[in-house]
Every structure is written in structure tokens, then in C-alpha cells.
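Subject: Structure for you to look at

Hello,

Here is the structure I promised to pass on. Please open it and keep it in view while you read my notes.

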Amino acid sequence: MDRVDNLWEPMLTDDNLDGSIKDVNDNHHWRTHHRPNFCTAWVEEHHDERRVDLRRIMENGFEQKPPKVTQRYDPNAQKWRTVSEPIQWPDQYVHHALIRVLQPVMMRGMDKYAAGSIRGRGTHYGKAAIERWMKKDPKGTRYCMTLDIRHFYQSLKPEVVMDRMRQLVKDRRVLDLIWRVVKDGILIGAYTSQWFANTTLQPLDHMIREGGYGVAHYLRYMDNFTIFGPNKRKLRKLRLVIEKWLNDHGMELKGDWQIFPTKARKPSAVGYRYGRGYTIPRKHTLLRIKRAVARFRKRRMERRRVFAGTAAGLISRLGILRHCNNVQLYQMIYRGEKLLRQLKNIIRAKSRKEITTWSTYMARRARLKSSKPKAAPTPA
């Protein structure tokens, strides 16, 4: 694959910088405890000036500031994660401007069934693929192998990422900017990390699919591998090859890998379990759904407030049932209630309030700014 050059000038165009500013501002109107984000308001008030400043920062050598590090619990993975959120100005704007230009380059070699943190390739994309394979190819899905990379982001070294990006990008100024972004590590919470992680694993995806190891079907959701094949011995051989590739690149395969016949056990991936022609949720996922619905009903009966974040999370959990074959379970949880309508009304009310509050806040800032007396001109 030919390397791409001349990316620096397109990255600094007004359209690209305006797009990056919009992408960041749309998701950063509010701070903790629902307070207006001063940085977003400042950027929106002086949009043209901030665009010029952003271009100058990138031209003069962008230096990334230390991120804000927090500990957050991931209920899906059932573990605590160290999240490093970059400073909003100018770091996040630079990250988005960089990825907007690199995204077409990185997508050129992306495997068709590499999912996760890619637009249009979420959980339902992977779920639909596995359902199709399990239903239409019983022989090719006779055995399943599941793998995971241990501490993926922490073990992904900046040098490994740069080696991969040099295979795709020729522009030296863009490569220098990439190094300034990743030199402190591939951090969970940075917008660039998910793209660089997926791109770094592209050669492994092609090796698994095209290496002649008897792989009938293959799906990777970030660092989780689900591989189907008709021959168990070849899958065992492939596991050793994958482990060697990861070790050569400074990563390690997690010890809970498994190879099993799909006739005796249902494969589990992207939040679901798969049989021949049907799909059911995972047990711990179903338990969390039941508990969340019970908590919501209890708060409604006690006439206590239900927060919009809680309602959005419950809608997301209930969406899992809508894509399964558990019709009776779905009806049992809903009990004929207009549960989704109640949850959506809570979110709509919150959204309308946010729009009104933000508009009022920006109008007040503009009014206060216009009422301030202008400084007298300095005499010559």
C-alpha cells in the first residue's frame, strides 16, 4: 500500500478546523454538576479567532498538556479503568483535526469485520455478522476461539504505533504531530487512542484472515477476537501465531483464551450469546437489566426524581432485549407498561432544558460583554 503524502495543508484548512471545533463543542457544553463549560462558551464566542489560534499552535509545534486522570467503573467489563481525559483547549481540538484528516487513510486497510470505536461498526454490526455465520455456515462455525489482549492500551507502546503510521503516512509534519500526541502513551479517554489502536492491529487482522490457518469467519471488537473454523487443531496453531505476533510488538495475550465446539456451548461476543438461528443476552447483562428496571419502578412509585442519565442508561439496556429472541422475557419485563415512553419523556425534558439554559447563558455572556466600557485609546 502506497504511503499518503501532503496531509498537512488539508489538516490546516478552515473547513477541517471548523469541523474539529464543532465536534468538540457539541459534546462539551456542560461540566460536572451540570455547570456551563466556560471553555466551550469562550471558543464559540470567538470562533474565528480560536481557529486562527488553533492553526498557529499546530504550525508552531503542538505540546500536549498533562491529562485529567480519573478512575471510572466499567459495568460491561466489570472492572475499574484509569481514564485520562485530555485538556479541552487546545488538545482535544488538535486531536479531532488530526483524526479528521487521517481517518480515510486508516480506513483503507481496515478489515471488514474490525468493529468497535468505528462509525457504523458498533455492537449490532458485529452481532449481525455472527448471527449470519452461525445460521448459514454450520461447518465453518463448528469451533470457536475467543481471545483478548491483556491491558491493551497500557501495553501498546508509542514506538509500535509510530512504526505502523510510518507505513501509511509519508508527510513528515503530520508524523511529527502524531508523535507529539502519542509519546506519553496510548491513553484511555483520548479520541486519538481508539483510532491508533485499531490501525496498529490491521496487520494482525490480515494475517489471521489471509494466513492460511483455516479461519472461516473472524470478528475483532477492539482487542477482543472471535474466530470460527472447522478445524480445532488449526485454531490452536493460529493461537500460537497470534501470541507470537503480540509478543513481538510488546503486547501479551490474556490467559483466559478458549477453544470450544459451538454445538456444546454458545459463543459469546459483543454482549450476546449465539445459537443456530437465535440470539440471547448474557446472564449478567440480563441480571443488570432486571435490577435497573426494578430500581426505576421503585423510584416512580415513591415519586422520587429519575435522572436523565439513569433513563438513558436504562433505554440502552432495554435495547439489548429488542435485538434478541427472548420475546416472553421482553414482555415480562415491560408488563404492558409504556416504559420506553416514560424514559424518553425524561430525556426529552432534560434536552429541552439544556437547550434553553445554554441559550440563556450565552445571551447573558454577550450582554455582559457588550455592557462593559471600552478602554480609552492609548495616546501616540
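How do the residues of the lining of the second largest pocket divide into nonpolar, polar and charged? They split into 4 nonpolar, 5 polar and 4 charged. Bear in mind that this is a predicted model.

Stay with that pocket for a moment. Its space comes to about 380 Å³. The lining has 13 residues. Nearest the centre lie Trp30, Arg31, Asn37, Lys68 and Glu85. Strand S1 (68-74) gives at least two residues to the lining, and so does helix H5 (88-107).

Next, the sheet. It is open and has 5 strands, in the order S3-S5-S6-S4-S7. The pairing is mixed. Strand S3 (114-115) and strand S7 (258-261) stand at the edges. Each has a single partner strand, so one side of each has no neighbour in the sheet. Further in, strand S4 (residues 143-148) and strand S6 (residues 224-229) run antiparallel, joined by 6 bridges. Look for threonine 146, which faces threonine 226 in S6. Helix H6 (residues 123-136) packs on the sheet and touches S3, strand S5 (217-221) and S6. The directions of H6 and S5 make an angle of about 160 degrees.

Last, find aspartate 23 in helix H2 (residues 14-26). Its relative accessibility is 28%, so aspartate 23 counts as partly exposed. Beyond its neighbours within four places in sequence, aspartate 23 is in contact with His96 and Arg100. Aspartate 23 and histidine 96 are 73 residues apart in sequence. In space, their C-alpha atoms are 7.5 Å apart.

Best wishes

Definitions and conventions. Residues are numbered from 1 along each chain as its sequence is written. This is a predicted model: local features need pLDDT of at least 70, side-chain atom pairs count only at pLDDT 80 or more; totals for chains, interfaces and linings use all residues. Side-chain values use heavy atoms; hydrogens and water are left out. On a 1 Å grid over the protein atoms alone, a cavity is a set of points where a 1.4 Å probe fits but cannot get out, and a pocket is an open set with protein on both sides within 12 Å along at least five of seven lines; lining residues have an atom within 4 Å of a point. Grid points are joined across faces, edges and corners, and a volume is the space filled by probe spheres set on the points. Helices (H or I, at least four residues) and strands (E, at least two) are DSSP runs, numbered from the N terminus. Ala, Val, Leu, Ile, Met, Phe, Trp, Tyr, Cys and Pro count as nonpolar, Asp, Glu, Lys and Arg as charged, and the others, Gly among them, as polar. Two strands pair if DSSP finds at least two bridges between them. Contact means heavy atoms within 4.5 Å. Axes are lines fitted to C-alpha atoms, for helices over the stretch in contact, and angles run from 0 to 180 degrees between N-to-C directions. Buried means under 20% relative accessible area, exposed over 50%, partly exposed in between (1.4 Å probe, protein chains only).
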